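Here is a short report for a first look at this structure. Keep the sequence and the 3D view open while you read.

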Amino acid sequence: MIERSARLAVVGLGGWGKNVARAFSSVRGGELVRLCDEDEARLASQLRLYPQACPAASYSQVLSDDAVDAIVLATPAPLHYPMARQALLAGKHVFVEKPMTLTTADAEDLVRLSDRLGLKLMVGHLLEYHPAVEMIKREIDSGRLGEIHYMYSQRLNLGVVRSSENAFWSLAPHDISVVLYLFGSEPHRVTASGECYLQPGIEDVVFANLHFPDGRMAQIHVSWLDPNKERRMVVVGSRKMLVFDDMQAAEKIRIYDKGASVHLDDNGAAQTIGVRHGDIYIPHISSREPLGLEAQHFVDCILDDRTPRSDGRDGLRVVRILEQVDRRLHGATAVAARSVA
């Protein structure tokens with residue numbers, strides 16, 4: 001029996017691209033056949049690590065290579081849309097790092113194109129594959145946390161300060177994708193506020209609020225101008241509350257048996273509000289690397305003809321919210337979110 005494999009090309013071997021190449025070099029059912037970067041020194045350095053791959057100094061070489069089934073794009077964000085579009089038109093499956101595109105129109109175009117051509121389009125929403133996030137999803141869906149009231153995330157650090165995008169575009173795609181994945185729905189209203197302290201027109205700190213039709217809310221706080229490095233999410237339910245601290249080497253999740261309940265009188269009016277304090281549960285979390293799990297998922301979806309968890313529509317939803325927050329920051333009123341077809 002001949003086992004199938006997905007023949008992969010990684011394009012963009014800079015800081016993050018090196019990690020991407022490493023992850024895709026060891027996936028089950030995948031074969032790294034091409035490495036591409038315009039920087040000759042970077043390309044040569046990675047070829048020494050993966051000598052089985054053929055070099056490509058230009059993207060056109062990858063596009064025209066019939067030995068390549070799928071292209072993995074770890075290039076700068078402004079190049080995501082044109083390069084992903086070219087790859088799809090060349091008949092290649094596409095994995096593209098976040099954000100998928102810089103505009104909703106471009107994201108919609110990629111979704112339509114991948115659908116029409118029957119090709120996989122997956123976005124690097126890494127945290128959706130984090131074992132801790134998968135556990136949070138199970139806790140929410142099982143009802144063990146009760147009815148979810150709200151959640152918030154904090155992604156803070158001092159640096160890296162960018163001049164080509166604000167802190168929300170740079171940092172928030174991870175958190176947006178997780179909120180949408182955990183809640184399983186889209187917000188109907190988005191509000192945001194932020195300020196520019198280091199560079200005119202480029203927000204260093206942003207607070208965004210996503211309001212959902214059923215009353216749930218999620219706040220996303222991002223900043224590259226903060227004394228603390230924080231990677232934290234809190235989910236508040238009617239029965240229990242959960243904290244995910246990704247800066248912890250172990251004990252990343254704590255589930256608190258805490259809550260508040262309203263006691264009604266005989267007429268149904270609120271009489272008292274009771275607060276409950278219980279135990280803290282620290283579950284075991286798999287130490288498997290999210291990037292490796294994400295890479296494996298992409299290859300599995302190609303070989304098994306499955307829709308990726310973070311597919312093009314997921315990428316589109318995230319870009320829509322990024323755009324909505326941008327409009328809110330730059331003077332628009334609260335933005336009503338559109339649903340994804």
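## An exposed aspartate

Aspartate 305 counts as exposed, because its relative accessibility is 59%, above the cut-off of 50%. The model is predicted. Aspartate 305 sits in the loop between α8 (290-304) and α9. Its phi is positive, near 55°, and the residue is not a glycine.

## Another positive phi

Glutamate 251 is also not a glycine, yet its phi is positive, about 55°. Look for glutamate 251 in the loop that runs between β12 (241-245) and β13 (253-264). Glutamate 251 counts as partly exposed because its relative accessibility is 45%.

## Two cis peptide bonds

Lysine 98 and proline 99 are joined by a cis peptide bond, with omega near -10°. Proline 99 belongs to the loop between β5 and α5.

Glycine 159 and valine 160 are also linked by a cis peptide bond. Here omega is about -5°. Valine 160 lies in the loop between β7 (148-158) and α7.

## A buried arginine

Turn now to strand β2 (residues 30-36), where arginine 34 is found. Is arginine 34 buried or exposed? Its relative accessibility is 13%, so arginine 34 counts as buried; the cut-off for buried is under 20%.

What do the polar atoms of its side chain meet? One lies 2.6 Å from the backbone oxygen of proline 55. The arginine 34 side chain also makes a polar contact of 2.8 Å with the side chain of aspartate 65. Setting aside neighbours within four places in sequence, the contacts of arginine 34 include Leu8, Ala9 and Val10. Ala53, Cys54, Pro55 and Ala56 are also among them.

## Helix α4 and its cover

Helix α4 covers residues 80-89. Its buried residues are His80, Tyr81, Met83, Ala84, Ala87 and Leu88. Which elements cover them? The cover includes strands β1 (6-11), β4 (70-73) and β5 (93-97). Helices α3 (59-63) and α5 are also part of the cover.

Glycine 91 follows α4. Its phi is positive, near 85°.

## Helix α9 against α7

Two packed helices are described by the angle between their axes and the distance between the axes. Helix α7 (residues 167-183) and helix α9 (residues 312-329) have axes that come within 9 Å and cross at roughly 130°. The two helices are therefore oblique to each other. The crossing of α7 with α9 is right-handed.

From α7, the contact is made by Phe168, Trp169, Pro173, Ile176, Ser177 and Leu180. From α9 come Arg317, Val318, Ile321, Leu322, Glu323, Val325 and Asp326. By class, this contact of α7 with α9 has nine nonpolar residues, one polar and three charged.

## Helix α9 against α5

Helix α5 (residues 104-117) packs with α9 at an angle of about 170°. Their axes are 9 Å apart. The angle is over 145°, so α5 and α9 are roughly antiparallel to each other.

On the α5 side, the residues are Thr104, Ala107, Glu108, Val111 and Asp115. They meet Gly312, Arg313, Leu316, Val319, Arg320 and Glu323 of α9. The contact of α5 with α9 divides into four nonpolar, two polar and five charged residues. Glu323 of α9 is listed in the contact with α7 and in the contact with α5.

Note on methods:
Residues are numbered from 1 along each chain as its sequence is written. This is a predicted model: local features need pLDDT of at least 70, side-chain atom pairs count only at pLDDT 80 or more; totals for chains, interfaces and linings use all residues. Side-chain values use heavy atoms; hydrogens and water are left out. Helices (H or I, at least four residues) and strands (E, at least two) are DSSP runs, numbered from the N terminus. Buried means under 20% relative accessible area, exposed over 50%, partly exposed in between (1.4 Å probe, protein chains only). A polar contact is a pair of N or O atoms within 3.5 Å; within protein, one must be able to donate a hydrogen and the other to accept it, and residues adjacent in sequence count only if both atoms are side-chain atoms. Contact means heavy atoms within 4.5 Å. Axes are lines fitted to C-alpha atoms, for helices over the stretch in contact, and angles run from 0 to 180 degrees between N-to-C directions. Angles under 35 degrees count as roughly parallel, over 145 as roughly antiparallel, 65 to 115 as roughly perpendicular and the rest as oblique. A crossing is left-handed if the near helix is turned anticlockwise from the far one by less than a right angle, and right-handed if clockwise. Ala, Val, Leu, Ile, Met, Phe, Trp, Tyr, Cys and Pro count as nonpolar, Asp, Glu, Lys and Arg as charged, and the others, Gly among them, as polar.
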